[in-house]
2 protein chains.
Amino acid sequence: MKYIEKLRNSGLRPTKQRLQICEVLFNSEKTFHFTINELDQKIKKQVSDKISLATIYNTVHAFEKKGYLKQIPINSNQTYFDTNISDHHHFYDLKEEKLIDLENADVGPINILKKINGKKIKSVEVLVKLED
Amino acid sequence: MKYIEKLRNSGLRPTKQRLQICEVLFNSEKTFHFTINELDQKIKKQVSDKISLATIYNTVHAFEKKGYLKQIPINSNQTYFDTNISDHHHFYDLKEEKLIDLENADVGPINILKKINGKKIKSVEVLVKLED
DNA sequence: TTACTAGTTTATAATGATTCTAAAAAGGTG
DNA sequence: CACCTTTTTAGAATCATTATAAACTAGTAA
Ligand SMILES: [Mn+2]
Ligand SMILES: [Mn+2]
Ligand SMILES: [Zn+2]
Ligand SMILES: [Zn+2]
């Protein structure tokens, strides 16, 4: 199977549930943004076995910790995740409440001039809010 | 009083509670970041009358809607607000879980090259995550 | 001052996303 | 298989936030 090695190499047992969630998350042509609830719906549609919500939470957080998913910093009552783990940014359409990818190439180079003593930059993320 | 006109001009009645919250939020030399809980604590310390948590939520949201406070897009279990309403950005210290202001001048100009049909840019916010 | 009205405050309940718990099930190894 | 660890799961708990609805207040006009 496609994802068994990936999981083993991360120290995660390739359980049936994790493999099925991998299919839903990573087997599509395009990357996408999702909340846990949306993922739960997607799984219900695409996977015949039932996967408990607790497992979906556990798995998403495990994958995030391993770097297979990214959390998107945005104010919402639900947490947004991204299967696009490349360094990139987002539009947020306030009316539609939808995220849209903004590739690094679509943003001029960002130069952080201020330095914080003893700290180094882990990531730089831009959120562009859109209105009509 | 200092804030009565400000509130009236916004169509908000200058109630005792709102005026007291104004004192706590806007009467300090420096701007600051806060969660509702932190603000509640601050109010308990600085204001002799009791203000209900519901009123604090109501007031913060009213002030945000009027543009006297900004919500900071960040993933946290609590919503962060900012009394600094100027166009600016943030460091987020992952270890300390603290926000630090990053003025526009401390970031090179940000040029969003991609356009979304029928939408215009309302804001551009940068979040720089810091690690040790 | 006295109504009148709309806006505000408040205690309290409800909501809902997320996390916790602890027992059952499954994976990995020899 | 036997053993041990990890994982899954249903359900309960947590807790930030929002809703409710009754009491109160600010503003205004008689
Ligand atoms: Mn999380
Ligand atoms: Mn809010
Ligand atoms: Zn994305
Ligand atoms: Zn700030």
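How many residue pairs are in polar contact between chain B and chain A? There are 24, with both residues at pLDDT 80 or more; a polar contact is a pair of N or O atoms within 3.5 Å, where within protein one must be able to donate a hydrogen and the other to accept it, and residues adjacent in sequence count only if both atoms are side-chain atoms.

Before you click around: this is a predicted model, where local features need pLDDT of at least 70, side-chain atom pairs count only at pLDDT 80 or more, and totals for chains, interfaces and linings use all residues. Residues are numbered from 1 along each chain as its sequence is written, chains are lettered from A and ligands numbered from 1 in the order in which they are written, and side-chain values use heavy atoms, with hydrogens and water left out.

**Stop one: the interface.** Select the residues in contact (heavy atoms within 4.5 Å). You'll pick up 40 from chain B and 40 from chain A. About 3500 Å² is buried between the chains, with carbon and sulfur atoms giving 54%; that's the accessible area (1.4 Å probe) the two parts lose on being put together, summed over both. Now show B:Asn75, B:Lys119 and B:Glu131, which supply 18% of the area chain B buries against chain A, more than any other three residues.

**Stop two: the strands.** S6 of chain A and S6(B) pair antiparallel over eleven bridges, pairing being called when DSSP finds at least two bridges between two strands. To see one bridge, select A:Ile121 and its partner B:Leu130.

**Stop four: the salt bridges.** These are a side-chain nitrogen of Lys or Arg within 4 Å of a carboxyl oxygen of Asp or Glu. Six run between chain B and chain A; one to show is A:Lys129 with B:Glu125, closest N and O atoms 3.4 Å apart.

Notes: Helix = DSSP H or I, 4+ residues; strand = E, 2+ residues; numbered from the N terminus.
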